[in-house]
Amino acid sequence: ISSAVRGTPSGQRSWHWYMSLKKVTIRPAIKGDLEAFGQSGDGRTMRAYTMVKDGEPIGIAGVLHTDMLQAFSILTEEAEGMPIMIMKLARKTVKIFESYDSPLYALASKKYERSENLLRHLGFEYVEETDYGSLYRWLT
């Protein structure tokens, strides 16, 4: 009997959950990906990767080109439940970060308690607290 029929022990994922990850891909972001998350980007350019499931964006991460280079990520609730794919997206995004000669900045969202841990794990250093969250800097 498969674990999907028997149920899975606490803390383990089912075979079906792992198979659902095969439907998720990561590709370079294209025009319109930010809009899929309700963000305009205000006409600025970016370098980013998009996590896609069944042809629909469920996550995006990269660098938005503003006066200050801004590292960003946006994940849907569905994507938040896919830690393996989040780390794959993060690894690809770090390669983008490494290509810049200028410092990058990122805000750790107050809505997501794990965002600060992820930023530190990726190599960002804490700068200061702001009204919008904790400010971090990627040093080249």
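**View 1. Asp54, an exposed residue in a loop.** At 59% relative accessibility, Asp54 counts as exposed (buried means under 20% relative accessible area, exposed over 50%, partly exposed in between, with a 1.4 Å probe and protein chains only). Asp54 lies in the loop between strand E2 (46-53) and strand E3 (56-65); helices (H or I, at least four residues) and strands (E, at least two) are DSSP runs, numbered from the N terminus. Its phi is near 50°, a positive value in a residue other than glycine. The model is predicted: local features need pLDDT of at least 70, side-chain atom pairs count only at pLDDT 80 or more, and totals for chains, interfaces and linings use all residues. Residues are numbered from 1 along each chain as its sequence is written, and side-chain values use heavy atoms, leaving out hydrogens and water.

**View 2. Asp33, a buried residue in a loop.** Asp33 is placed in the loop between strand E1 (24-28) and E2, and its relative accessibility of 3% makes it buried. Among the residues that Asp33 touches are Thr50, Pro57 and Ile60 (contact means heavy atoms within 4.5 Å).

**View 3. The aromatic pair of Tyr126 and Tyr136.** These two rings are edge-to-face, 5.6 Å centre to centre with 75° between the planes. Rings of Phe, Tyr and Trp (its six-membered ring) pair if their centres lie within 6.5 Å; planes under 30 degrees apart count as stacked, over 60 as edge-to-face and the rest as tilted. Because Tyr126 lies in strand E6 (residues 125-129) and Tyr136 in strand E7 (residues 133-138), the pair ties together parts that are 10 residues apart in sequence. Tyr126 is partly exposed at 46% relative accessibility, whereas Tyr136 is buried at 1%.

How values were computed:
Lists of a residue's contacts leave out its neighbours within four places in sequence.
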